[in-house]
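I opened my notebook for this one with the model on the screen. Here is what I looked up, entry by entry.

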Amino acid sequence: ATLIGVVVGAILVLAVIWVIMQSLAGPPASQRQPTAANWTQAYVIFDDVLEDWVDQGWVAGEFHDRFKEAWRKERAGDRAGAYQIWDPLFYELATMRAVMLDGSPRFGEHASVNGENLPVYMGMIDDQSPSDVMFEQNERYADGLLWFVRSRARITNSGGEQ
């Protein structure tokens, strides 16, 4: 009888510890709202990626310039001006089809349904599937970039935070 009591007591203690740990951990990353710092971190990453892609000839320099201009306008508080750039950029990305033989990124054709790569670049979750294969990394950057631009267009159009 005492052995059963010890086992039940240990289970209860573990259950209480688990509940406390869950409450301290906060909501899962998928339910957290990104901060301005998260968006800035992602912007810096995608700005570097776009610069590399322009150098590779995969993306036009003009596209990268508009990406930077939309961010600059948004940071300056010109939400309407930023939206006028973000929205067309999103549709342009969503319809881009790059030739994959050279390892260049695909955008809308193979985008994730829920933008699962964006929180990685925002620093909100750890990258659980790092890739040393540039082909795969470019695919993930393309997906994250598509969702970044889509999110910025929605935020600047709605007047929402961040």
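Which pattern does the chain follow when read along the sequence? I read α-α-α-α-α-α, with 6 helices and 0 strands in the chain. Helices (H or I, at least four residues) and strands (E, at least two) are DSSP runs, numbered from the N terminus.

Ground rules, before I go on. This is a predicted model, where local features need pLDDT of at least 70 and side-chain atom pairs count only at pLDDT 80 or more, while totals for chains, interfaces and linings use all residues. Residues are numbered from 1 along each chain as its sequence is written, and side-chain values use heavy atoms, with hydrogens and water left out.

**Entry: the whole chain.** I found that 37% of the 162 residues count as buried. Buried means under 20% relative accessible area, exposed means over 50%, and partly exposed is in between (1.4 Å probe, protein chains only). I also looked at contacts, meaning heavy atoms within 4.5 Å. Of those with a separation of 6 or more, 70% come from residues 24 or more positions apart.

**Entry: helix α2.** I followed α2 over residues 36–56, which is 21 residues. From first C-alpha to last it reaches 30 Å, close to the 30 Å expected at 1.5 Å a residue; the expected span is 1.5 Å times one less than the number of residues. Its buried residues are N38, W39, A42, Y43, F46, D47, V49, L50 and W53. T40 also lies in α2, but I noted T40 as partly exposed, with a relative accessible area of 33%. Just after α2, G57 takes a positive phi of about 85°.

**Entry: the core.** Which residues have the most contacts inside the largest nonpolar core? I listed W53, F67, W86, L145, F148 and V149, in a core of 28 residues. The elements giving two or more residues to this core are α2, α3 (61–75), α4 (79–95) and α6 (134–158). Helix α6 gives the most, with 9 residues. A nonpolar core here is a set of buried Ala, Val, Leu, Ile, Met, Phe, Trp, Tyr and Cys residues joined through side-chain atoms within 4.5 Å.

**Entry: α3 against α4.** I found these two packing at an angle of about 145°, with axes 8 Å apart. Axes are lines fitted to C-alpha atoms, for helices over the stretch in contact, and angles run from 0 to 180 degrees between N-to-C directions. The contact is made by residues including F63, F67 and W71 of α3 and I85, W86 and L89 of α4. I also checked E69, which sits in α3 and is partly exposed at 27% relative accessible area. The C-alpha atoms of E69 and A82, 13 residues apart along the chain, are separated by 7.6 Å.
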